[in-house]
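This briefing goes through a single structure topic by topic, with the sequence and the model to be viewed alongside the text.

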Amino acid sequence: MADKQAKLAIGAETYDLPIMEGTVGPDVVDIRKLYGTTGMFTYDPGYKSTASCESALTFIDGEEGVLLHRGYPIGQLAEHSSFMEVAYLMLNGELPSQDEYEDFKVTITRHTMLHDQLRQFYQGFRRDGHPMAIMCGVVGALSAFYHDSTDISDPEHRKISSHRLIAKMPTIAAMAYKYSVGQPFMSPMNSLSYTGNFLRMTFGVPAEDYEVIPAVEKAMDRIFILHADHEQNASTSTVRLAGSSGANPFACIAAGIACLWGPAHGGANEAALNMLHEIGTPDRIPHYIERAKDKNDPFRLMGFGHRVYKNYDPRATVMQKTVREVFDALKVKDPVFEVALRLEEMALHDDYFIEKKLFPNVDFYSGIILSAIGFPTTMFTALFALARTVGWVAQWNEMISDPAQVIGRPRQLYTGPTQRDYVPFDKR
Ligand code: CMC
């Protein structure tokens, strides 16, 4: 902390506000005592200028297109690490030793099975229910099955519930898929990697062996790394806010899943691929670019723009490269990739997108890869939720372990009627 101060003048009065410094990134003005000293609130819907917490997990420099997890650049993690190692890093703060890594993988693997009664829970959903609807329900229901790890004041409980959530999410997501296509659920297979196991539970059938294709496993694992955390985004803030009341972690993560579902957040990967299919051929791109620029048309280029990145999203760079790797491994081509590349090129040369600093985000290319691997678009956001669970539980743990933690409770600018007397029906 530095002893820099900000000065706030309200009428003739001047107030000193402390300035706090992080390790990197903008300083923040500490306004915690503002209401007590001035009787005023600040107004910042959408939190465009508000730091809601201190965090040592993830850093983003949106102007430069930098994303660091515990200090490590996302490009290096995507290239050299694994999703399990990133999960360990996020939860524990440092990269694991070889032994710690092996132990962690065994721990997660041993938690992948679901309570058998949860299978019946699935039967209550319609077969055409969206996987995210099923994920919200099933993850919320976990708290009814795993009572023995819901004492949030106990660090051991917090650790076990975090491991359970990370471990069970692939099983839950794969079962949501299996239920929608009417195939039997596949039990986890402990000899496989986290990601290989997920692919088998999704695409395997009990009638035959399933062979994990290493290049696909690697691409999928990388996609999980790219989605693991993204500091105080909407769903993470939802998890923190839900958790600030002392709610159990399973309920908090279910709240995060609900928030992630929206098309402005995790739902954008599904929307982006649907949009690319709708565009269909490169000659139709100019029409859609014009629509995106038209203020009277609600259409936006999905997979484009970001609240924080005003530069190329570093995750989109890795995604674009991964599309080619998956196409090569599966010996497939998808004309929609050509549409995406052309759309990106045209948008990046268009004054509207240049002025507003709108670049492709993580969702622009991810759908093309997931579709090539065989996932239906409705599963895309469920995969995002699976991966983001690492960030959610790491952020939730960080918040609960912080002795300064209090319930999150924003204030408001009230614009409704002033006090008035109740009027009986016959006088209205
Ligand atoms: N297409 C066309 N115009 C856009 C787009 C877009 N994709 N994104 C932003 N703009 C315009 C917007 O109309 C506004 O123009 P003006 O200043 O003239 O009113 C300006 O750019 C700023 O947009 P904003 O909506 O005020 O910015 P925001 O920070 O509130 O929204 C966003 C960020 C991601 C919600 C938005 O860019 C968007 O809707 N993008 C499409 C959805 C998407 O791809 N979401 C995934 C985000 S990355 C993954 C994740 O976080 O889950």
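In this predicted model, strand E1 and strand E2, the latter spanning residues 13-20, pair in the antiparallel sense over 6 bridges.

**The ligand and its surroundings**
- The ligand is surrounded by 22 residues, of which the closest are His 265, Leu 301, Gly 303, Arg 307 and Lys 356.
- Sorted by class, this shell consists of 10 nonpolar, 6 polar and 6 charged residues.
- On the side-chain side, an N or O atom of Arg 300 lies 2.8 Å from an oxygen atom of the ligand, and a polar side-chain atom of Lys 356 is likewise 2.8 Å from an oxygen atom of the ligand.
- Gly 303 takes part through its backbone, where a polar atom is 2.8 Å from an oxygen atom of the ligand.
- Taken on its own, the ligand has 930 Å² of accessible area, and the protein covers 76% of that area.

**Cysteines**
- A search of the whole structure finds 0 disulfides, and for Cys 136, which is in none, the nearest cysteine sulfur is that of Cys 259, 10 Å away.
- Cys 259 counts as partly exposed, with a relative accessibility of 24%.

**Residues with positive phi**
- Arg 70, although not a glycine, has a positive phi of about 50°, and this residue sits in the loop between strand E5 (66-69) and strand E6 (72-73).
- The relative accessible area of Arg 70 is 25%, so Arg 70 is partly exposed.
- Lys 331, also a residue other than glycine, has a positive phi near 55° and is found in the loop between helix H14 (314-330) and helix H15 (335-348).
- Lys 331 counts as exposed, because its relative accessibility is 73% and the cut-off for exposed is over 50%.

Conventions: Residues are numbered from 1 along each chain as its sequence is written. This is a predicted model: local features need pLDDT of at least 70, side-chain atom pairs count only at pLDDT 80 or more; totals for chains, interfaces and linings use all residues. Side-chain values use heavy atoms; hydrogens and water are left out. A disulfide is a pair of cysteine sulfur atoms within 2.5 Å. Buried means under 20% relative accessible area, exposed over 50%, partly exposed in between (1.4 Å probe, protein chains only). Two strands pair if DSSP finds at least two bridges between them. Helices (H or I, at least four residues) and strands (E, at least two) are DSSP runs, numbered from the N terminus. A residue is near a molecule or strand if one of its heavy atoms lies within 4 Å of it. A polar contact is a pair of N or O atoms within 3.5 Å; within protein, one must be able to donate a hydrogen and the other to accept it, and residues adjacent in sequence count only if both atoms are side-chain atoms. Accessible areas come from the Shrake-Rupley method with a 1.4 Å probe; for residues, only the protein chains shown count as cover. Ala, Val, Leu, Ile, Met, Phe, Trp, Tyr, Cys and Pro count as nonpolar, Asp, Glu, Lys and Arg as charged, and the others, Gly among them, as polar.
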